[in-house]
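Here are some notes to go with the model on your screen.

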Amino acid sequence: MAIVVIRQDDRIDLWKNALQNAHNGIKVYSFLEDHPKEDITMAVIWKHPKGSLAKYPNLQCIASAGAGVDYIFEDDTRPQNIPITRIVDPYLASDMSEHVLAVILAHLKNLNSYKLDQMANVWAPKDYLRIKDVTVGILGLGELGALTARDLVSFNFNLQGWSRSKKEIEGVKTFYGPQGQQDFLSATDILVCLLPLTPATKGILNKELLSQLPKNAFVINVARGGHLVDEDLIALLDSDHLSGACLDVYHTEPLPATHPFWNHRKVHMTPHYASVSDTNSVIPQIIKNYNRLGSAEKLQNLVDPDKGY
């Protein structure tokens, strides 16, 4: 038994060393080095090159190094009928909640606009909003969405949420299913997308949906770039239906230098860093699943392939 780490960033050695330090005697390889592919039983991956998983004939588990797994299902060459696991981590959820709170407060107090004014040597005081003036709507009430909703309630925000199936969260007005979406959107001043990316949610942030938000609504996408139809967002910003958007995720990352988001005054960007897996926090659950593979026990944090999350 052995683990291979497959990523396309500069964190391969970090994850490899963390896995080795957490389990004496474990064999962990980078997919970039020579290694015995027939020994690999677990692949710990993040946005792997398509086709790379097909090289391991004895693979028994595909372990996402983050909460998202949409990129795995996009790889048609991956070995089929192999369990997929994801990270369930309180730090991921709390980091996301803190990021969303920071973005909302920056919007309410015009901090993004003031930064642009500063760069242009413009002194232009603006009316600001208070927490009590807005209703925040969270699209997606899974682990990240539910915690974010509860945290915002503790700051006395008016909170509502929409999910595919019925959810109940104290202090949050909830809607569900297609029948509840329009009522949810029409009363949402700040929309936060925290949906999983599945075939059903791909492109959900389109003109049809975003047009149902009240005029001057603000959009925050911290889920996946595939949720957003970029040109529809730009059209609604340019028509002044939406007052602005803060995006952390994109169709192509890094975002191409020619993309119109870079120079749009109403688009505020962060580089897909709202919430990042902390190796010290998540390595133990990966090691636990590695040990369960060896003893043929049921794995934790399994992904439902029918739901895609």
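How do α1 and α9 lie to each other: oblique, roughly parallel or roughly perpendicular? Keep in mind that this is a predicted model.

1. Start with the two helices. α1 covers residues 12–22 and α9 covers residues 279–294; they pack at an angle of about 60°, and their axes are 10 Å apart. Roughly perpendicular begins at 65 degrees, and roughly parallel needs an angle under 35. α1 and α9 are therefore oblique to each other. As for handedness, the crossing of α1 past α9 is right-handed.

2. Now look at who touches whom. From α1 come L14, W15, A18, L19 and A22, and they meet T279, V282, I283, I286 and I287 of α9. Sort the residues of this contact by type and you get nine nonpolar, one polar and no charged.

3. Next, find the second largest pocket. The space in this pocket is about 320 Å³. Its lining has 16 residues, and H107, N110, S113, S243 and H268 are the ones nearest the centre. α3 (90–108), α4 (111–119) and β11 (242–247) are the elements that each give two or more residues to the lining. By type, the lining splits into six nonpolar, seven polar and three charged residues.

4. Two backbone spots deserve a look. E253 and P254 are joined by a cis peptide bond, with omega about -5°; P254 sits in the loop between β11 and β12 (267–269). The other spot is N121, a residue other than glycine with a positive phi, near 60°. You'll find N121 in the loop between α4 and β6 (135–139).

Notes. Residues are numbered from 1 along each chain as its sequence is written. This is a predicted model: local features need pLDDT of at least 70, side-chain atom pairs count only at pLDDT 80 or more; totals for chains, interfaces and linings use all residues. Side-chain values use heavy atoms; hydrogens and water are left out. On a 1 Å grid over the protein atoms alone, a cavity is a set of points where a 1.4 Å probe fits but cannot get out, and a pocket is an open set with protein on both sides within 12 Å along at least five of seven lines; lining residues have an atom within 4 Å of a point. Grid points are joined across faces, edges and corners, and a volume is the space filled by probe spheres set on the points. Helices (H or I, at least four residues) and strands (E, at least two) are DSSP runs, numbered from the N terminus. Ala, Val, Leu, Ile, Met, Phe, Trp, Tyr, Cys and Pro count as nonpolar, Asp, Glu, Lys and Arg as charged, and the others, Gly among them, as polar. Axes are lines fitted to C-alpha atoms, for helices over the stretch in contact, and angles run from 0 to 180 degrees between N-to-C directions. Angles under 35 degrees count as roughly parallel, over 145 as roughly antiparallel, 65 to 115 as roughly perpendicular and the rest as oblique. A crossing is left-handed if the near helix is turned anticlockwise from the far one by less than a right angle, and right-handed if clockwise. Contact means heavy atoms within 4.5 Å.
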